[in-house]
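Open the structure in your viewer and keep the sequence beside it. The stops below say what to select next and what is there.

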Amino acid sequence: MQPLQSEQQFNELIQGERVIFLFTAGWCPDCRIIEPVLPEIEEKFNTYQFVSVDRDQFIDICAEYDIFGIPSFLAFDKGQEVDRFVSKDRKTQEEIETFLTDLF
């Protein structure tokens, strides 16, 4: 999963097609639990572009998009937010895949 490098890159990426942002942090235990299944999810949903956003590094983006719990997912398509899977709750592989399946 490609890590976000800058706010400018975020603003450019949201203009693309089928972009999924995963908001995470190194200290987040629930984020570490889903980490091993992320490559499988990315492979299964290979028409989506996945980008990892470090919550601590990009706190302004989190505030702007109301990301107050992690891990959380935001989906964009051509500049529009399509959907979000945002909460502080632990997420299972099945829940993440259901979210992604229902997007487009």
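**Two aromatic residues**

Select Tyr-48 and Phe-50: both of these residues are buried, where buried means under 20% relative accessible area, exposed over 50%, and partly exposed in between (1.4 Å probe, protein chains only). Their ring centres are 6.3 Å apart and the planes stand at 45 degrees, so this pair is tilted. Rings of Phe, Tyr and Trp (its six-membered ring) pair if their centres lie within 6.5 Å; planes under 30 degrees apart count as stacked, over 60 as edge-to-face and the rest as tilted.

Before going on, note that the model is predicted: local features need pLDDT of at least 70, side-chain atom pairs count only at pLDDT 80 or more, and totals for chains, interfaces and linings use all residues. Residues are numbered from 1 along each chain as its sequence is written, and side-chain values use heavy atoms, with hydrogens and water left out.

**The sheet**

Switch to a cartoon view. Five strands make up an open sheet in the order β1-β3-β2-β4-β5, with mixed pairing. Its edge strands are β1 (2-3) and β5, each of which pairs on one side only. Helices (H or I, at least four residues) and strands (E, at least two) are DSSP runs, numbered from the N terminus. Two strands pair if DSSP finds at least two bridges between them.

**Strand β4**

Now select residues 72-77, which are strand β4. How many of its six residues are buried? Six of the six are, so the strand is largely enclosed by the rest of the structure. Show the side chains. In a regular strand, side chains alternate between the two faces of the sheet. Here Ser-72, Leu-74 and Phe-76 point one way from β4, while Phe-73, Ala-75 and Asp-77 point the other way.

Strand β2 (residues 19-24) pairs with β4 in the antiparallel sense over five bridges. In this pairing, Ser-72 of β4 is the bridge partner of Phe-23. Strand β5 (residues 80-85) also pairs with β4 in the antiparallel sense, over five bridges. Find Phe-73 and its bridge partner in β5, Phe-85, then Ala-75, which stands opposite Asp-83 in β5. The two strands β4 and β5 form a hairpin with two residues between them, and Lys-78 in the turn has a positive phi of about 55 degrees.

Stay with Phe-85 for a moment and select Lys-91. This lysine lies over the face of Phe-85, at 5.2 Å from the ring centre. A charge sits over a ring if NZ of Lys or CZ of Arg is within 6 Å of the ring centre and within 35 degrees of the ring normal.

**Helix α5**

Select residues 93-101, helix α5, which lies across β2, β3 (49-54), β4 and β5 and runs at about 155 degrees to β5. Axes are lines fitted to C-alpha atoms, for helices over the stretch in contact, and angles run from 0 to 180 degrees between N-to-C directions. Which residues of α5 are buried? Ile-96, Glu-97, Phe-99 and Leu-100 are buried. They cover an arc of only 155 degrees around the axis, which puts them on the same side of α5; the arc is that of the directions from the helix axis to the C-beta atoms. The cover over these buried residues includes β2, α2 (29-34), α3 (38-44), β3, β4 and β5.

Colour the aromatic residues. The count comes to ten aromatic pairs. The rings of Phe-73 and Phe-99 have centres 6.3 Å apart and planes at 45 degrees, so they form a tilted pair. This pair links distant parts of the chain, with Phe-73 in strand β4 and Phe-99 in helix α5, 26 residues apart. Phe-73 has 1% relative accessibility and counts as buried; Phe-99 is buried too, with a relative accessible area of 8%. Next, select Phe-10, Phe-21, Tyr-65 and Phe-76, which ring pairs link into a cluster.

**Thr-24 and Cys-31**

Select Thr-24 in strand β2. Thr-24 counts as buried at 10% relative accessibility. Beyond its neighbours within four places in sequence, Thr-24 has contacts that include Cys-31, Ser-52 and Ile-70; contact means heavy atoms within 4.5 Å.

Finish at Cys-31, in helix α2. At 3% relative accessibility, Cys-31 counts as buried. Not counting residues up to four places away in sequence, Cys-31 touches Thr-24, Ala-25, Ile-70 and Pro-71. Cys-31 and Arg-90 are 59 residues apart in sequence and 7.8 Å apart in space, C-alpha to C-alpha.
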